[in-house]
Amino acid sequence: MSEKPTVITPEGDIELDQENETQEAETSLVLAKDLLPEALLIVPLFDRPMFPKMMGPIMVEDQGIQKMILEAQEKGTPLYLGLLLVKPVDAGMAHAPRSMEDFFEVGVAARVVQISQPTAGQPLQLLAQAQERFRVKEMTRQQPFFKARVEYLYEMRREASDELKAYSVAIIDCIKELVTLNPLFKEGLGLLLERINVSDPSALADFAASMTTSSGSELQAILDTTSVQKRLEQVLILLKKEIEISKIKADISKRIEDRLSKQQREFFLKQQLQEIKKELGLTKDGAESEVEKFEKRLKKLKPSAEGEERIKEELEKLKLLEPSSAEFNVTRAYLDWLTILPWGVYSKDNYDITKAEKVLNDDHYGLDEVKERILELISVGIVKGDLAGSIILLIGPPGVGKTSVGQSIARSLGREFYRFSLGGMRDEAEIKGHRRTYIGALPGKFLQAIKTCKTANPLIMLDEIDKIGASFRGDPASALLEVLDPEQNRDFLDHYLDVRFDLSKVLFICTANQMETIPAPLIDRMEVIRLPGYIQAEKVEIAKRHLLPKQLKLHGLTKSQVSIPTPVIGAMVDGYAREAGVRNLENRIKKILRKVAKELVRDPDRKVRIKISDLPELLGKKVFSDEKIFRKPRVGVVTGLAYTSMGGTTLYIEAAAAATGTAGFKQTGQLGQVMVESSEIAYSYVRSLCRDNEKLLEFFMKNFIHLHVPAGATPKDGPSAGITMACALYSLAIGQSIVPDTAMTGELTLSGMVMPIGGVKEKIIAATRAKLKQVILPEDNREDFALLPEHIRSGITPFFAKTFQDVLNICFPATA
């Protein structure tokens with residue numbers, strides 16, 4: 001016989017089971033609205049569980065469950081749901097349950113109090129009142145929801161023991177401390193106190209647990225615990241953890257608030273200071289102060305009519321703009337550039353030619369042609385009363401002083417100096433500026449140089465103009481045509497400035513290692529001055545006057561501590577630094593001084609004197625040999641002279657014959673197309689020259705000729721080795737070597753004419769460095785040789801040839 005509980009209806013009527021009237025005293029009394037069903041529709045919770053006597057919102061996303069709830073609402077019957085927490089799986093996150101194993105066993109039965117108006121495709125919002133704990137006895141899945149038969153875990157009311165009261169007091173104290181640390185708990189505390197009896201230890205434990213920010217699993221452990229005392233212990237632990245977390249949060253918040261309050265205080269004080277200054281007339285607002293600054297600058301300048309009109313237009317625009325607008329900053333930056341450029345501001349030129357000559361001579365040894373050109377420029381300025389801008393191109397190998405001579409020219413003229421390298425430049429905007437429509441736009445390098453120098457007539461050096469590039473961003477070399485044209489640069493238009501600026505007073509000095517890679521229209525606009533390089537005597541003098549004193553100072557040494565005699569410097573140049581420039585020689589001096597400094601650290605009182613015999617130990621093996629293997633007269637070996645981007649150099653050409661019974665010719669040594677053609681011309685001409693000599697004719701008919709130009713790893717090209725290759729072939733054919741210490745250069749035609757060549761000065765310097773005594777040049781280069789300085793021609797006996805027969809008469813006097 002089943003027991004039927006007594007139900008108290010809302011009207012107060014009492015219904016008793018007739019069969020159990022005798023057990024009336026033992027029967028429990030419950031409200032009709034709290035009569036809980038044994039079977040419940042399960043609603044999964046994914047974040048945290050709900051505790052008995054608590055009321056809260058529930059989101060139902062499952063469409064099937066939504067349908068059942070709404071149908072029950074329409075019937076008007078009380079609706080009870082079973083709320084079960086889903087077990088977390090991946091990284092503490094729960095997923096949609098698929099079976100009973102996905103739920104915790106203990107949950108709460110909740111009565112739906114209110115249902116919000118449903119919206120299509122949105123979760124259904126419910127307000128539910130949790131009633132009692134339950135444990136799942138059996139669960140079934142009826143697509144798409146779960147139903148469960150449950151066993152309710154009713155708590156028997158009994159008088160609280162002293163221990164339970166102590167736990168309750170401890171929990172209440174913790175809650176008070178939490179409310180103090182985190183005011184957000186205060187509102188939740190007020191709402192919950194309306195719904196629970198704080199004197200009930202069980203309800204207090206559940207309430208306290210729900211207040212914490214603990215994880216769902218930790219709260220579920222509280223829900224699973226039926227023993228009130230154990231539950232109170234666990235809740236007390238959670239509250240202590242929550243208090244520690246709240247203290248840390250409060251500390252972090254305090255630090256942030258202190259920092260913010262300090263910044264706000266400073267901000268308000270600054271604002272007040274600005275307002276006070278404005279009231280006293282000591283300062284103005286942003287726009288007014290900027291306008292006043294630009295107007296003050298404009299009074300000191302003499303801009304062109306176009307420039308002055310543009311500046312006034314922009315000033316009027318700036319007055320109308322709000323300082324907080326983006327256009328204000330763009331206009332302000334534009335005006336800043338317009339008014340900071342030195343319109344009409346020129347530095348005073350030095351018209352003392354004696355002083356200028358002294359400056360040039362003090363800074364550089366040699367370079368007479370460059371010095372003469374600068375003195376001529378100053379002389380024209382003295383006569384005319386105005387030193388107009390010029391464009392000079394210095395071409396020479398690395399290390400001959402092209403860049404440093406630009407600084408000396410600026411000093412001799414008394415002008416500001418600005419240098420920038422064009423090497424690798426590929427963007428046209430670097431020359432002519434960016435348009436103002438781009439973010440971060442700037443004027444080109446030339447106006448930046450003018451701004452830095454603060455005068456409109458500086459000396460601007462354009463380094464490495466032969467290494468300028470081109471890309472999809474434009475061709476900087478073409479953009480330079482306007483800048484480096486004296487007829488156009490008086491109206492130079494920068495894309496950013498968009499106002500014409502006069503560059504005609506600027507002196508441009510360009511440097512390059514070779515002319516071949518510079519566009520012809522650009523070369524046409526410049527005056528070319530060649531710096532051929534230095535001979536050994538010049539290098540020794542430069543080292544004594546400039547390099548050694550400079551490096552002694554940089555290394556913290558004095559002449560009394562270390563001395564490098566002139567013969568030692570000469571040996572260094574001959575064995576380790578035969579290049580056209582002096583940069584490598586300077587590096588060798590640095591290496592010696594570093595080793596000397598190391599010795600002086602060990603023995604401070606020592607005085608070091610470098611000897612020639614010390615060089616191998618200090619600098620290692622000689623880089624340049626005496627080349628005696630080539631200098632000794634040999635059949636089929638002739639010394640030529642060549643001109644490269646590194647300066648003049650000697651070139652040794654070898655010819656050898658292989659008896660094959662048939663004629664043939666081959667060239668090696670990485671020769672370029674022009675040089676290959678020159679060798680073929682030389683071979684054909686020498687064979688035609690021997691057509692009347694049966695012995696020589698038979699030699700060419702029965703031998704395979706191999707022509708080689710060491711070193712094989714170095715590419716070579718050019719027509720000036722024509723007579724050298726022909727002379728080597730002729731020497732091989734007759735079996736006789738040429739006159740010792742003789743070098744030659746000249747282009748050979750198929751009819752035997754010797755054509756003129758370039759780079760005479762560089763080649764003569766190379767012959768001097770190689771200690772050659774005789775040089776054969778084309779007749780048309782006689783004047784070029786005569787114009788060379790005496791110290792370069794000294795020690796060289798020149799011979800001039802119109803035809804190859806003249807060359808043979810000089811090289812083989814016995815057969816002439």
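**Close-up 1. Helix α11 packs with helix α12 in this predicted model.** Helix α11 spans residues 368-384, and helix α12 spans residues 402-413. Helices here are DSSP runs (H or I, at least four residues), numbered from the N terminus. The angle between α11 and α12 is about 30°, and their axes lie 11 Å apart. Axes are lines fitted to C-alpha atoms over the stretch in contact, and angles run from 0 to 180 degrees between N-to-C directions. The two helices are therefore roughly parallel (angles under 35 degrees).

**Close-up 2. α11 meets α12 in a right-handed crossing.** Right-handed means that the near helix is turned clockwise from the far one by less than a right angle. From α11 come Val370, Ile374 and Ile378. From α12 come Val405, Ile409, Ser412 and Leu413. Contact means heavy atoms within 4.5 Å. Six of these residues are nonpolar, one is polar and none is charged. Ala, Val, Leu, Ile, Met, Phe, Trp, Tyr, Cys and Pro count as nonpolar; Asp, Glu, Lys and Arg as charged; the others, Gly among them, as polar.

**Close-up 3. Helix α22 packs with helix α24.** α22 covers residues 673-689, and α24 covers residues 722-734. Their angle is about 45°, with axes 8 Å apart.

Close-up 4. The contact has nine nonpolar, three polar and no charged residues.Notes. Residues are numbered from 1 along each chain as its sequence is written. Local features need pLDDT of at least 70, side-chain atom pairs count only at pLDDT 80 or more, totals for chains, interfaces and linings use all residues, and side-chain values use heavy atoms, without hydrogens and water.

How values were computed
Parallel < 35°, antiparallel > 145°, perpendicular 65-115°, else oblique.
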